[in-house]
Structures are given as C-alpha cells and as structure tokens.
Amino acid sequence: MSRHLSPEQISCWMMGERTAQDEEHVRDCSTCGAEVNRVETALRLFQRSAKDWSQEHSPEFRNVWSTEGVRRGVRTLALRWALAGLTLLVLAGIPIQTIRERGQREARANQIDTALLEQVDAEVSRAVPAPMEPLARLITWGSTETTTDKPQTSK
Amino acid sequence: MESVAAPEVSIALETPVSTIEDFDAVARLYWPVVFRFLFASLHDRDAAETLTQDCFLKAYRHRERFRGDASVKTWLMQIAVNLVRDYARNRRLQFWKRTRSSKVDLNEVSQFVPDEQSSPEEQTLNRELVRAVWGAAAALPERQHTVLLLRYVEDMDLLEIARVTGIKEGTVKAHLFRALHSIRERLGGEE
C-alpha cells in the first residue's frame, strides 16, 4: 500500500480492526506509524490518568459503603417516615379538634341567644299587661276565634 | 433518579453467584471501578461520589434481580450507565451542582500521567496530550462518551459494552468510530 492510512482506517486500527496490509503499511510508513503510535499513546495515557486519579481519591470512598449501614439506614428511614406520619396526624388532629370545639361553643351560644330573643319577643308582643290578660281574653276584639270560644253577651 | 432500575441481565457467567451475596466485598472490589467510570463521565467528583453511592444502593436493593449468570461488574456498570443517563434529569444533583461546584479541573487529572522514565519535555507533551483527550472526550455526545470510556478506560470489548449500554454491537462500533474520529481531530491528527 503506497498511500497513507485514511482517518477512517486509523480509527478502525484503534478499534482493533486492521488488515494485514494496514499492519504492513504502518510498519513501513514512518508517518502512519507515528500517527498510530501518537493516538495509541494518547489513549493509553488517558486511561492511566483516569485510573491513577480515581485511585488517588478512592481510598476515602472505599470505606463509605457498609451493607449493615444501609440496613440501618433503611430501618432509620422507616422509623422517620412513621414519626413523620404520626406528627402529621397529630398536627392535622389539633386544628380539627379546635374547629369542632369552636363549632360546639358557637352552637350553644346560638341556642342561648335564640332563647333570649324568643323570650324578648314574647314579652314585647303582649297587648296588655300580664295581670289583665285573663280579662283581655274575654274581649272579642273582632276575633271570630275568641267569640266562638266565649259565651256571647245578650243585647 | 428513582427512574433508574437495576436491569436484569442474562449473560455469560463471569463471577460466581456467591460474590454478590457478600455485598460488602462487592462494594470494596468495584467501588473504585464505578467511581472511576462516573468521574470520567461527569468530571465532577461530588456527583461521581453521589452516583457511586446510588449505584451500589440500587444494586443492593435490587440484588435479587441479579441472577448470577452475569458479571457483577457488567451489572454494576449497567446501573452506572443508566445513572449517568439520568444525571441531567436529576433535580437533586442539579441543585447541589448549583450550590456547590466540585468540577474537577482537567488540568488536575492530566497531572496524573505516568512519567515512564521520560524527559520533562516529554512529560509536558504527554500532559498536553492527555488534557486534549479529556477535553475532546468531554465534548462528545453522551453515548459516544460512554462507549469511549468503557472501551479505553474500562477495557471492555464491544460485546460487553453492548450489554452494558443496551445498544447493538454495530451501533457501539459506530459510536466508538465517531468518538475516535473526534479525538483525533482534537489531537490535530486529521489531515
């Protein structure tokens, strides 16, 4: 092969897909050999840097995991949820109870008010003073009901 | 985050069933691997730490779904890939990202380059090279980025990447091809 490897052929080379002709060319062509070597080196150093960097930082993470800790965490979480639920119920229960008590108080007050007003109405609506009420009942005042109930006076 | 489920897998036996029963041992063994993948994907140490925790928590809670005919690493990486996918939609992490930025400077990562008994000039060049790759990788679309990391950081073959990501092997190859093309462009290798 006299022509240099194409960018596609070099990418294929990096992926491990290479023909015998490619290999022969890379062996013989210093330009393609250098290019393949450069990319291979870059990828190898890239891998090493990733591994070395994470290796450098991983000790602090190695002891992070503990299955027992996770189990404990799950139990704690369940307990927290239960407590949260209970708190919610209590908090929701307090206003409901308050509203209920207030309602009862208002109903009692309304009953007292109504009774008072009825008593006032009864007092106000009297046509004659209380001592004269029996006498007033004897007078017809044009009421048919009264005249039928009571004996008619003779002329 | 809760939308991520631990997937069921049914692939070739690579790790004994008993391994996952000792979950502490699983966590000890694969914590750095998952963290590394998540960090390389997100470039955010706090996010990587949080998602690593989430990954193992999900794996633990759904460990009964692990049928034992899959590699523990593959199973964990499937969860990790899903977490990365959902990361952008995770409002909690978005909140923490706003309040506490822990983005890692790629310069810092590029310092972790083995000297390989090279000269200071070569080391400087290597750091530049690594930084360019990290930068190019970060600019890749999510799938290409994931496939690139699984292939070149985690040393997975195309079939394993297909299992982890849930996409077809041919599609994995296409993503990897495009990712490599972009990396080479960034490195200045495109003629």
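Here are some friendly notes on a predicted model with two chains, A and B.

1. **The overall make-up of chain B.** Chain B has ten helices and zero strands. Chain B has 191 residues, and 41% of them count as buried. Now look at contacts in chain B with a separation of 6 or more: 70% of these come from residues 24 or more positions apart.

2. **The overall make-up of chain A.** Turn next to the partner. In chain A there are seven helices and zero strands, and from the N terminus on the elements read α-α-α-α-α-α-α. Chain A has 155 residues, of which 14% count as buried.

3. **A bend in helix H2 of chain B.** Where does helix H2 of chain B bend? Find Tyr30(B): H2(B), which covers residues 23–42, bends there by about 50°. Keep reading along the helix and you will find a proline, Pro32(B), within four residues after the bend.

4. **How H2(B) and H3(B) cross.** Two packed helices are described by the angle between their axes and the distance between the axes. H3(B) spans residues 45–61, and its axis comes within 8 Å of the axis of H2(B), with a crossing angle of roughly 140°. Is that parallel, antiparallel, perpendicular or oblique? At this angle, H2(B) is oblique to H3(B), because an angle has to be over 145 degrees to count as roughly antiparallel. The crossing of these two helices is right-handed.

5. **Which residues meet between H2(B) and H3(B).** On the H2(B) side, the residues in contact include Phe23(B), Trp31(B), Phe35(B) and Phe39(B). On the H3(B) side, Leu51(B), Cys55(B), Phe56(B) and Tyr60(B) are among the partners. By class, this contact has 14 nonpolar residues, one polar and one charged.

6. **The loop after H2(B).** His43(B) follows H2(B) and lies in the loop between H2 and H3 of chain B. Its phi is near 60°, a positive value in a residue other than glycine. Is His43(B) buried, exposed or partly exposed? His43(B) counts as partly exposed because it has 17 C-beta neighbours inside 10 Å, whereas a buried residue needs 20 or more.

7. **Another positive phi.** Asp155(B) is not a glycine, yet it has a positive phi of about 60°. You will find Asp155(B) in the loop between helix H8 (142–152) and helix H9 (158–165) of chain B. Asp155(B) counts as exposed because it has 9 C-beta neighbours inside 10 Å.

8. **Where the chains touch.** Finally, look between the chains. The contact takes 39 residues from chain B and 32 residues from chain A. Which elements of chain B supply at least two residues each to the side that touches chain A? They are H2, H3, helix H6 (106–110), helix H7 (120–138) and helix H10 (169–187). H2(B) gives the most, with ten residues. By class, the side of chain B that touches chain A has 24 nonpolar, six polar and nine charged residues.

Terms used. Residues numbered from 1 in each chain as written. Chains lettered and ligands numbered in written order. Predicted model: local features only at pLDDT ≥ 70, side-chain atom pairs only at ≥ 80, totals over all residues. Bend = angle between axes of the 7 residues up to and from the residue. Axes fitted to C-alpha atoms, helices over the stretch in contact; angles between N-to-C directions. Parallel < 35°, antiparallel > 145°, perpendicular 65-115°, else oblique. Left-handed = near helix turned anticlockwise from the far one by under 90°. Contact = placed C-beta atoms within 7 Å. Nonpolar A, V, L, I, M, F, W, Y, C, P; charged D, E, K, R; others polar. Buried ≥ 20, exposed ≤ 12 C-beta atoms within 10 Å, placed from the backbone.
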